[in-house]
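Me: I should like to go through this structure term by term. Please set each value against the definition behind it.

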Amino acid sequence: MNLESLLYFIQQLLNGLTLGSAYALIAIGYTMVYGIIGMINFAHGEIYMIGTYVAFLAITALAMLGIEYLPVVFLFALMSSVLVSSAFGWSLERVAYRPLRGSNRLIPLISAIGMSIFLQNYVRLGQGSRDLAMPSLVTGGWTFGPEDGFQASLSYMQLLIFVVTFVSMTALTLFIARSRMGKACRAVSQDIGMASLLGINTNRVISATFVIGAALAAVAGVLLGMQYGVANPFIGFIAGLKAFTAAVLGGIGSIPGAMLGAMILGIAESMTAAYFTTEYKDVVAFGLLVLILLFRPTGLLGKPEVEKI
Amino acid sequence: MRENLPFAIFCALVTGALSVPLLGLKLVSEGTSLAIEGADAETWMLISGGMLAVFLTQLFKSQLSNGLSGIKQSLPANPVSGLSDQKRGQLEKGLLFLVIGLAIIWPFWASRGSIDLATLVLIYVMLGLGLNIVVGLAGLLDLGYVAFYAVGAYSYALLYQYFGFSFWAALPIAGLLAALFGFLLGFPVLRLRGDYLAIVTLGFGEIIRIFLNNLTSLTGGPNGIGSIPKPTMPAVQFEPEFDIVQLEFSRRAKEEGNLPFHEFFGLDYDSATKVVFLYVLALILCLITVFVIRRLTRMPVGRAWEALREDEIACRSLGLSRTGIKLSAFTLGATFAGFAGCFFAARQSFISPESFTFIESAIILAIVVLGGMGSQLGVILAATLMIILPELAREFQEYRMLLFGLMMVLMMIWRPQGLLPMKRPRIELKEAA
């Protein structure tokens, strides 16, 4: 392997890890909700899309006011996006899923599909269906390699994505492991009936799960929105499906599993795009999903589920 | 009321957070960057009205729920639920025949546009009935049903383009190919549990669409395939010699050996006969579908579908083959989608991957859910409503998908069994005298 192909490989690895970080943030929402109430929140991808839109709105609003100092812009975009998306996550559970709790498991899934279509068209009505493009805020980066050959580069934006993802994941892990609410979350995911007998307010825990998931999806929305600079009301569908694949790959219900699965998926996708073909990179993701479900339905880090009568 | 106040304020604020950024502010492209425009006064009125409404309902929640339960008690009971099973079965049968009768005599006085629309409704009835086997009867949530529809449509289009097959030759092949796809997909995935199955079928639907989009040399990619011929009508000819000829509905026959319909019968050329013929053809295909599925549900395999939906573990302990039953439902459902797809390609004369997106699967699923899972009459009614209502309310076109999503959620909350829920087959023993 000569230097050039090594650099090319490193570049693809970096791209894959960037993509994987964003998938991981979205996948947490799927995996936590599944871990606690055992349903697939099909509308979760739309929360990510809303996060991107709110970030664009926030950044544009500050730019119109003449504020362009990067840390302020980024933090404001992050906060407003997290706030609005959390509101969506909370209401989603309240309106579309809570009344259906305890019914046949296909019924909440159909309701979630309805909600996903509703949210897509809600944003379409408000913001139009065309692609919105935003100039990138963070430019530049480091490049490695010979002056005249192929150069691998790590942009500052990619670095920002890694750092923010790492911080969010650490915060989440600490929250689940140490805080009172985190403990309650773990208890509810083990046995919801028992937890409520022991005096845990399960409704509150479920709401908190949706809010946390939505907030992380919003973070992903801000980051990917800034990285690619494009938004339309339909980006949530494919991103959500990919993140779900990541969650299943790692073992749905397991938080470290979701992170691992997302990284594997991100790298697999960027390698396919680099070495084979870009047209079929989505096929690789779905093919991976099908294969995982067939041969290891519990995922890499998941626990086997026992069917109870 | 006092204790609801903080929560009511919270809910009103959340409503604000949901609506102000996305509806109140609008991003517009300005050169290479973006700018924000405020919405018009009407939208702001709507947003504040929404916040107020949420605030008031949360504040007077207990009073409202008291009032509502009072109304519910005073409402008359469901008129159908009072009937005995046998009477209800007869009523449903009668209604089904009434609907069929109406569908047959109706084109005599309808306009050309509405007959064309009715043909589209019939395609969706066929799709709905096919998916009804999978979702309604066997209880397997299939979110990629449109893939089989696409397989059917592309089979005819490709068979015509490369081998010159006619509609009638392609129809059984389209059904078989779709069935084969259903079988091949079903074989590995049917071991999966309900919601996993849903996502895998969704992924499969997307994979098919991506392939259709990218295999440009074979399928024409996003440009699709055009000038697919319309179906012909076979007729028996006695002169000059006894033969079966294919009648075309254009002014002049395009294929050699075919005759134009109007020349054969000695009529004046009328472009409307083509529309009526397509309608009649769709109706015949639909009737066959209705009949076949009605018979199937009374056969052991049909009973097994429903039993499996109700209790999988009980079914397995009674010795039923889980995979076999699921596979039969999946394959049969796919077959009908293949027929519908073949007919769709013939009616449109042009197909492209655009027609086979996830939203199409969602519409067919909504038809099954709205109609009442498992009920044929319900599916027919729901398909009619779903296709006709958006046409009638053209000024609401923009809100169509929004309302569609909302309706799916509300149906699941208020009436998950659908408009006309299916009557479960059951037998009661007579009491001993």
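Me: What makes the crossing of α5(B) and α16(B) right-handed?

Reply: A crossing is right-handed if the near helix is turned clockwise from the far one by less than a right angle, and left-handed if anticlockwise. The crossing of α5(B) and α16(B) is right-handed. The model is a predicted one, in which local features need pLDDT of at least 70 and side-chain atom pairs count only at pLDDT 80 or more, while totals for chains, interfaces and linings use all residues. Residues are numbered from 1 along each chain as its sequence is written, and chains are lettered from A and ligands numbered from 1 in the order in which they are written.

Me: Why are α5(B) and α16(B) called oblique to each other?

Reply: The axes of α5 (residues 112-137) and α16 (residues 376-392) of chain B come within 9 Å and cross at roughly 140°. Axes are lines fitted to C-alpha atoms, for helices over the stretch in contact, and angles run from 0 to 180 degrees between N-to-C directions. Angles under 35 degrees count as roughly parallel, over 145 as roughly antiparallel, 65 to 115 as roughly perpendicular and the rest as oblique. α5(B) and α16(B) are therefore oblique to each other.

Me: Which residues of α5(B) meet α16(B), and what is their class?

Reply: Residues are in contact if their C-beta atoms, placed from the backbone, lie within 7 Å. Among those of α5(B) are B:L117, B:V121 and B:Y124, and among those of α16(B) are B:V379, B:A383 and B:E391. By class, the contact has 13 nonpolar, four polar and one charged residues. Here Ala, Val, Leu, Ile, Met, Phe, Trp, Tyr, Cys and Pro count as nonpolar, Asp, Glu, Lys and Arg as charged, and the others, Gly among them, as polar.

Me: How do α3(A) and α1(B) cross, and what makes them oblique?

Reply: The axes of α3(A) and α1(B) (residues 5-24) come within 9 Å and cross at roughly 120°. That angle makes α3(A) oblique to α1(B). Their crossing is left-handed. Residues that meet there include A:L83, A:F88 and A:W90 of α3(A), with B:V14 and B:P21 of α1(B). The contact divides into nine nonpolar, one polar and no charged residues.

Me: How many residues join chains A and B, and which helix of chain A supplies the largest share?

Reply: In chain A, 52 residues are in contact with 43 residues of chain B. The largest share of that side of chain A, 16 residues, comes from α4(A). By class, the side has 41 nonpolar, eight polar and three charged residues.

Me: How do you know that the span of α1(A) agrees with its number of residues?

Reply: The expected span of a helix is 1.5 Å times one less than its number of residues. For the 35 residues of α1(A) (residues 3-37) that should be 51 Å, and the end C-alpha atoms are 50 Å apart, which agrees. Just after α1(A), A:G38 takes a positive phi of about 65°.

How values were computed:
Helices (H or I, at least four residues) and strands (E, at least two) are DSSP runs, numbered from the N terminus. Two residues are in contact if their C-beta atoms, placed from the backbone, lie within 7 Å.
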